[in-house]
Structure formats: C-alpha cells, structure tokens
Amino acid sequence: MTLLKVQGVTKEFVTRGDGAMARKSTFTAVDDVSFEVELGETLAIVGESGSGKSTTARIAARLLEPTKGSVVFDGQDVTRASGKELATFRNNVQVVFQDPFSSLNPRYTVERIITAPLTYQGIAPANGRRAFTQELMERVGLNPDHCRRYPAQFSGGQAQRIGIARALAVNPKLVICDEAVSALDVSIQAQVLELLMRLQRESGFSYVFIAHDLAVVRQIAQRVAVMNRGRIVEVGTRDQVFGDPQDSYTKTLLAAVPRINPEWDAKRRQAR
Amino acid sequence: MTRYVLGRLGGVVLILLAVCLFTYLIFFKLSPDPAVMICGKTCTPERIDSIRTVLGLNQPLLTQFWEFLSGIFAGRDYGSVHCSAPCLGYSFQTNESVWSMITARLPVSITVAVGAAVLWLLVGVIGGLVSAVKQGTWWDRSAMGLALGGVSVPNYVLALVLQYVLVVKLQVLPFPSAVSFVDNPAVWFESYLMPWVVLAVGYACLYARLTRSNVIDTLAENYYRTARAKGLSGALIMRRHALRPALTPITTIFGMDFAGLLGGALITETVFGLNGIGKMAADSIAKNDQPVIMAVTLLAAFFVVIGNVVVDLLYTALDPRVRVVSA
Amino acid sequence: MSDELFVVDNLTVTLPTSRGPVDVVKNVSFTVGRDETVGIVGESGSGKSMTALAVLGLLPRGARTSGSVRLDGAELLGRSDRDLRSVRGNAISMVFQDPLSSLNPYYTVGLQIAEMYRTHRGGSRSAARKVAIEALERVHIPDAARRVDHYPHQFSGGMRQRVMIAMALCCSPSLLIADEPTTALDVTVQAQILELLAELQSTTGTGMMFITHDLAVISSIAQRVLVMQSGDPVEYGTAEQVFSDPRHEYTRMLLDAVSRIDDEVLS
C-alpha cells in the first residue's frame with residue numbers, strides 16, 4: 001500500500017543574493033521531485049549539501065509548503081491541508097532531526113518532551129503520563145528512572161533516543177529522519193541505527209531517511225533516491241543503486257566514499 | 001554602487017517628507033491656535049484675523065503644508081515680510097528667523113557632540129579592550145562594575161554634582177559658557193570639559209561593555225586560533241584578527257549615537273546653560289514656540305536619517321561580506 | 001624508524017575544570033617520519049585535537065603539559081609563546097576542520113597567506129602576493145591570480161579548504177597537522193582534498209599528523225595509526241596491523257561499528 005506520494009514537487013526560495021545591494025532572485029531548491037513510500041518500507045534520500053534533500057523532507061513533513069506539486073498521504077491530498085486535517089497528518093507523520101540537543105526543549109523534563117505530541121493533540125494516555133513515558137523510554141533503550149531529567153543530563157546518543165521516543169509517542173505511520181545519526185560518534189551511530197531498524201520491525205511504520213552518508217544508508221534502506229542540485233537523478237532498490245548505479249552522479253558519489261582497505265578488512269574478519 | 005546610493009538618498013527624501021508632514025500635523029493642528037498665542041494679551045478679534053491671514057492659517061491644510069514645504073526650498077512671504085530660503089518661519093516668542101536661530105546655535109551643539117564622542121570612544125573602547133585582554137582580573141571586574149554603575153547614573157544628576165563640586169566648591173573650572181575656540185582656546189576647553197564628560201560617561205560605559213564582549217567573542221573565533229597557529233606576531237594578530245572584527249560592528253552603533261547627539265543634547269545643554277540646539281528645543285517646548293519645535297524636530301530627524309545612510313555605506317565598506325560583488 | 005622527524009613522547013595534557021584538573025591526554029607517544037602520515041583516530045572527547053593543539057602551544061589558558069615533543073630533535077614543550085611563533089606556520093603548520101570559520105572574513109585570502117609568509121620569510125608585499133598566487137595554484141584553485149583578491153565567503157567549502165592548505169604549505173613546513181580537515185566537506189569534495197593532500201605530500205615530503213574520527217579516511221591516507229579513547233592511547237601500530245589485526249577491544253568495536261559500503265561486507 002502506498003503511504004506517501006510526492007508528486008512533481010518544486011520549491012523556490014526568494015534570495016537577496018550576495019551582498020546587501022544585490023537584487024532579488026529565485027533559487028530552486030527542489031525541482032520537480034516525485035517519489036512514493038510504501039507502508040513499512042524505508043526510503044533513503046541521499047545527496048550532498050545543497051542537493052535539496054532536507055527541503056524535500058520538510059515538504060513531505062508539511063513543515064514547508066511546495067511552490068508546485070502535491071503531497072498525498074494515505075490517499076489524502078495534504079499539500080494545502082490545515083486545521084483538523086493537518087492535525088491528523090501530524091499525528092501520522094513525525095520527524096527526528098539531526099541535532100538532538102537543539103531539537104529538545106532544554107527546560108522540559110524528558111517526560112514532558114515525550115508526551116508533548118499527545119498534549120498538542122489533546123490525548124491522555126490510558127495508563128497515565130508517567131507509565132506511558134517510561135514504557136517508551138524502555139522501548140528506545142533509555143533508563144525509565146530518568147524520566148524526570150532534563151536533556152542536558154543525557155549524552156548525544158541518549159538525547160537522540162529521546163527524540164525518537166517523542167516521535168513514536170503518537171504511533172505514527174511515517175517517521176522522517178533528517179540526518180538523524182549524522183551528529184553521532186560511529187559507535188553510537190551503529191546503536192541508534194540498530195534501534196531504528198528494530199522499532200520498524202516491531203511497529204511496521206515507514207521511514208524517509210535523509211542522509212549524506214551512503215554507508216549508513218546502505219545499512220538501513222530498502223530503496224534509495226539520489227538527489228543532486230534539486231533533482232532526483234536516480235531511484236531504485238538498495239542493491240540496484242549501490243550494486244549497479246546508472247546515473248553518472250551516483251557513480252561519482254559511490255566512488256568518492258572512503259573505504260577501509262578491503263584486504264585488511266577481510267583479513268580481520270577471517271581472524272575472528 | 002551609484003544606483004544603490006541614489007536609491008538610498010531617494011528613500012531619505014521620502015522619510016524626511018513623511019517626518020515633515022507628521023510634525024506639521026502634530027504641532028500646527030493639535031496644539032493651541034498659533035494666532036491666539038502670537039496675539040498675546042492685548043488682543044482683538046480683528047488682530048487675530050489679520051495674523052491668520054499673514055500666516056496663511058485660514059487656507060486649507062494641504063495648502064498650508066505646501067507653503068511650509070516650499071518655504072524651506074524657495075522662501076516665502078508673510079504679508080509684507082519676505083523670509084528667504086531656507087525658510088522655517090519665525091519664532092512666536094522672539095520674532096527671529098528660525099533658520100538663523102539654528103545656524104547660530106548649531107556650532108555649540110556640534111562642539112559638544114564631537115568632544116563627547118571623542119572622549120567616550122577613547123575611554124570606552126580602550127577600557128573595554130583592556131578588560132577583554134585581562135578578562136577575569138581585578139581590573140576587569142572593577143572596570144565592568146564601574147561601567148554598569150556609570151550607565152545607570154542619569155546625566156542630569158551627574159551634571160549637577162560635577163557643577164557643584166568643581167565649579168562651586170573647588171572652583172577649578174569656570175561656569176560653562178559658549179566661548180569660541182578662536183578667542184581663547186584654554187577657556188574654551190575648560191568651559192566645554194564638563195558637558196563633554198557628562199555626555200560621554202553613559203556612552204563610554206556602554207561602549208566599554210560592548211567592546212569587551214565583542215573582543216572576547218572574537219578571541220574565541222576559529223580564525224583567531226588560525227592566526228596564532230600561523231605564528232604571526234602578537235601585534236599583527238591583535239590588529240587584524242581581533243580588533244578589526246571586534247570593532248567593526250561598533251562603528252555602526254557609534255554612527256547612530258553620534259547622529260542622535262547632533263540634534264542637540266537637551267538635558268546637558270540646559271543644565272550647563274549652553275546655548276545649543278538642545279537648549280533651544282527645551283526653551284521652545286516650554287513656551288510652545290511651534291515653528292522652533294518643528295524645526296528642531298526636523299533637524300534631529302535629518303541627522304538620524306542621514307546618519308543611518310552613512311552608517312550603512314560605511315558598513316559595506318568595512319565588512320566585505322555585505323559588499324557588492326562587482327561583476 | 002631511523003628517520004624520525006617528529007617525536008611525541010609521553011605527552012600528558014591537563015586542563016583545569018570546575019571539578020579540578022583533568023588529564024585530557026594521557027601518556028601519548030608516537031613518531032612521524034619524513035614523508036609519512038600518522039593517523040590519530042578517536043571519537044569525540046578522545047583527546048585527539050588536544051594533542052594537536054599541545055604540539056603548537058595553542059592549548060586553552062591554564063592547561064599544563066608534561067612529557068616531550070621534539071621536531072628534528074628540538075624540544076617544543078615548555079617553550080615560550082614568543083619562542084614558538086617561529087615554529088608555528090613555519091616548521092609546523094596546521095589545517096583545521098571548518099575552513100569558513102578558520103579564515104578571517106575581513107581580509108582577502110591573498111592577504112591571509114601573504115601575512116604569514118612575510119612574518120616568517122620577510123620580503124615585500126608584492127613578492128608575498130606572488131607567493132600567495134603560486135600557493136593557490138599549487139592547490140589547483142583555478143584563476144589564482146584573480147582569486148587571490150577574493151574574500152573567504154566568495155569560495156565554496158572545498159575551495160576554502162584548499163586555501164587553508166595553500167596557506168599551511170606556503171612556508172614549506174616539515175610537519176603538517178590536519179585536524180579533521182575533511183569532516184565538514186561533502187564526500188566528493190572530501191575525496192578531492194584527500195587526493196590533493198597525498199599529491200602535495202609526495203612532492204614536498206612533508207610529514208603529516210592526520211586527525212579524524214573516520215576510520216575509512218585514515219585507512220586510505222595513513223601509514224601508521226594511533227587510536228585514542230578518552231585521552232588514553234589504546235592502540236598504536238602500522239595501518240595494516242591496526243586494521244587487519246587490532247589488538248585492543250576498543251579498536252575492534254570501532255571497526256565493527258563502521259557502516260560498510262561494499263558488497264562483500266554486507267551479511
């Protein structure tokens with residue numbers, strides 16, 4: 001079943017250009033982008049800085065309105081949705097951002113942060129806020145005893161887990177991860193990726209996974225869309241895109257990824 | 001670049017026109033009838049009528065405003081009296097031409113403003129710099145404490161205290177008077193010293209705190225670290241990689257503050273009895289001398305608006321990031 | 001190692017904190033030979049950047065150091081700031097992570113290169129300007145004679161890092177310290193910068209201390225590797241040994257955690 005359908009989306013920004021005296025000009029960040037996300041799958045959108053991948057994610061999450069094109073979620077056109085319609089959409093689509101600390105209110109306790117989406121929707125958890133929070137914290141691998149703590153009392157990896165728990169509080173059908181593991185150290189990154197995959201297996205929601213790190217994408221995605229200068233240059237299954245890339249930009253991108261010397265790597269694996 | 005400057009100047013003209021219109025409406029339409037004010041105690045309805053005719057008060061509002069505006073650029077006639085351009089009317093109180101009142105008093109205000117500015121820049125920037133470099137030491141803490149206190153002292157209090165102590169009690173300074181520099185430089189300096197100090201104290205304290213925080217921020221910048229890693233001499237690092245970035249934003253603020261002062265230091269001039277624009281403003285407000293109030297308001301607006309443009313142009317010259325990339 | 005250009009011996013760095021002094025680098029030892037690249041790998045808080053700053057005496061105020069850091073046999077640790085100036089940028093130069101914030105926005109890149117050259121080598125402004133243009137050409141910045149008068153914000157991220165590298169190499173240092181020089185860059189640009197560094201090293205013979213959190217990057221550029229974890233040196237050896245036969249548990253964990261891009265690695 002197609003969960004999210006982005007059709008011919010274009011986003012133009014009006015810029016003042018370089019310098020105080022430059023004239024206004026429009027800059028096309030996203031140019032005629034279309035893709036679909038099936039229920040339960042992970043679609044990764046990869047690209048370098050300025051490729052338009054984050055803008056695309058923001059449009060899909062309805063945090064930005066597209067200049068042209070439409071966003072259809074669960075059969076409903078939500079491109080210009082507002083009010084109740086938008087509230088339902090927000091209930092189904094949640095976002096996890098790159099920097100866990102700047103996206104968590106430093107003055108709120110973890111309990112208040114995690115239950116905030118419920119508060120906005122006016123839902124009260126059946127078993128009470130405390131139990132609800134602690135259950136979610138346990139699910140994302142946090143110590144439930146820490147539910148009265150503040151974000152600053154957690155490490156980067158733990159803070160990102162709080163962000164994930166908050167996204168899961170409303171039982172979304174789609175979670176958009178915007179560079180969600182980019183700011184983390186490798187060892188922590190591996191754990192958070194593991195967590196994201198486990199949660200998907202348990203709950204069956206979809207991911208749109210925005211990232212610049214192709215190796216990370218390879219781990220988590222079933223399908224991959226490659227963006228360059230606002231356009232999707234290639235989209236396909238993970239094995240197609242990584243194993244047999246068609247577009248020249250995709251090839252350049254894959255070739256540029258630094259690799260651990262494969263001989264050494266193989267030797268190490270054998271020795272184990 | 002030329003087009004940008006012309007555009008900005010066009011904007012200035014529009015803003016000044018708007019200021020003209022608003023001050024005109026406020027002072028001539030909302031205040032008491034000027035004809036009654038001029039007429040004074042021995043007044044007859046006939047005299048009021050004739051004054052109205054001379055001043056054009058019985059004309060429609062727009063016509064009056066137009067007369068006022070064209071008077072500034074082309075001069076105008078009040079009955080048989082010709083007021084040559086730039087004509088801002090005559091004082092209700094003294095019957096003097098407002099323009100000549102301004103030109104007579106402007107030098108005093110400029111002297112007060114320039115002297116105070118030099119003083120507060122020197123004291124504020126140097127004090128802030130030393131504090132930044134000696135961050136956390138007793139010097140830093142006492143200087144910043146003092147600066148906080150200095151900002152909080154109202155300058156009329158400071159003016160009165162200084163006057164009492166230095167002039168009345170210790171008699172080390174003469175009572176301020178607008179002596180011209182050419183006549184007697186020493187007395188000129190002595191008589192302006194107190195106004196300068198009084199006006200400069202608040203700004204100096206503000207600038208010291210600002211300079212200190214800007215310099216401290218700059219010392220934490222990555223390019224400052226780069227400059228050190230390059231092995232540059234301490235003086236070069238300080239000049240190019242600490243002072244230039246830290247002080248550039250201060251020029252903007254200085255431009256605005258200075259322009260504001262050119263319109264007259266109302267309180268300071270009044271307290272010290274200096275016959276500048278500020279005192280003239282205070283006197284005219286007290287006596288509801290509408291043409292003078294109007295002129296002083298316009299003058300202040302003029303300085304602020306022009307100051308704004310100058311600061312913007314200066315900033316584009318000082319900060320390459322906002323400079324036009326010439327094609 | 002007969003040709004030891006740069007020796008770090010038992011370096012310990014202690015920083016003052018609100019909870020008392022903390023050792024952020026503990027007994028670190030390694031050597032860099034001429035022409036050689038030594039990689040220092042670690043996650044955030046491992047002390048890898050502090051090690052680099054200690055070498056040039058650029059540590060935060062109140063930091064204390066012990067041990068020995070020698071370049072061509074001359075001790076650097078404990079020398080005065082004034083004394084170290086002739087070393088900084090001249091014998092040992094440094095490239096930082098974020099090229100935009102590491103360049104002064106108020107001056108042209110040409111002036112920023114020239115001021116360093118003139119500080120160490122003297123000479124006229126015009127001679128230094130020529131050196132700056134040559135330095136920009138050496139790092140393959142197109143149209144260098146015109147670009148020399150541009151400001152940092154007029155360059156792209158990759159080009160800015162090239163400017164930083166041009167600057168770092170303009171006095172022909174014997175050691176280059178690169179602190180996460182490609183971390184802020186896109187992957188295609190990163191590949192170009194790594195290629196450039198390798199190329200420049202082969203022509204100049206500069207020894208390099210390459211600091212990064214990225215094991216894959218280290219694998220492609222370093223001959224020897226030091227792995228650090230919260231200030232401790234946990235493993236030190238040739239790149240081949242560290243990657244193919246890691247001795248320490250932490251190194252193994254790091255290697256396992258790295259996401260792989262190639263087929264054979266996927267289960």
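Chain A holds ten helices and ten strands, where helices (H or I, at least four residues) and strands (E, at least two) are DSSP runs numbered from the N terminus. Its radius of gyration is 20 Å, close to the 19 Å that the globule rule gives for 272 residues, so chain A is as compact as a globular protein of that length. That radius is taken over C-alpha atoms, and the rule is 2.2 Å times the number of residues to the power 0.38.

A quick word on conventions before the tour. This is a predicted model, in which local features need pLDDT of at least 70 and side-chain atom pairs count only at pLDDT 80 or more, while totals for chains, interfaces and linings use all residues. Residues are numbered from 1 along each chain as its sequence is written, with chains lettered from A and ligands numbered from 1 in the order in which they are written.

**Chain A on its own**

- The C-alpha trace of chain A spans about 60 × 55 × 45 Å along its principal axes.
- Helix α3 (residues 110-121) and helix α5 (residues 156-168) of chain A cross at roughly 35°, and their axes come within 7 Å; axes are lines fitted to C-alpha atoms, for helices over the stretch in contact, and angles run from 0 to 180 degrees between N-to-C directions.
- From α3(A), the contact draws on Val110(A), Ile113(A), Ile114(A), Ala116(A) and Pro117(A), and from α5(A) on Ile162(A), Ala165(A) and Arg166(A); residues are in contact if their C-beta atoms, placed from the backbone, lie within 7 Å.
- By class, this contact of α3(A) with α5(A) has seven nonpolar, no polar and one charged residue, with Ala, Val, Leu, Ile, Met, Phe, Trp, Tyr, Cys and Pro counted as nonpolar, Asp, Glu, Lys and Arg as charged, and the others, Gly among them, as polar.

**Where chain A meets chain C**

- Chain A contributes 28 residues to the contact and chain C contributes 30 residues.
- On the side of chain A, two or more residues come from each of α6 (186-203), α7 (214-220), α9 (248-256) and α10 (262-271).
- The most come from α10(A), with six residues.
- This side of chain A divides into 13 nonpolar, eight polar and seven charged residues.

**Domains and helices of chain B**

- Chain B is divided into domain 1 (16-83) and domain 2 (99-322), with bounds from an automatic or database domain assignment.
- The C-alpha centres of these two domains of chain B lie 37 Å apart.
- Eleven residues of domain 1 of chain B touch nine residues of domain 2 of chain B, and α1(B) gives the most to the domain 1 side, with seven residues.
- Helices α7 (residues 155-169) and α8 (residues 185-219) of chain B pack at an angle of about 145°, their axes 10 Å apart, in a right-handed crossing.

**Record annotations**

- The unreviewed UniProt entry gives "transmembrane region" for residues 9-27, 108-133, 145-166, 186-206, 246-272 and 292-315 of chain B; positions follow the numbering used here, feature names are shortened, and annotations may be inferred rather than shown by experiment.
- Residues 108-133 of chain B are 100% helix, with end C-alpha atoms 38 Å apart.
- For chain C, UniProt lists "domain: ABC transporter" (unreviewed entry) at residues 6-255, a span that is 40% helix and 26% strand.

Methods. A crossing is left-handed if the near helix is turned anticlockwise from the far one by less than a right angle, and right-handed if clockwise. Two residues are in contact if their C-beta atoms, placed from the backbone, lie within 7 Å.
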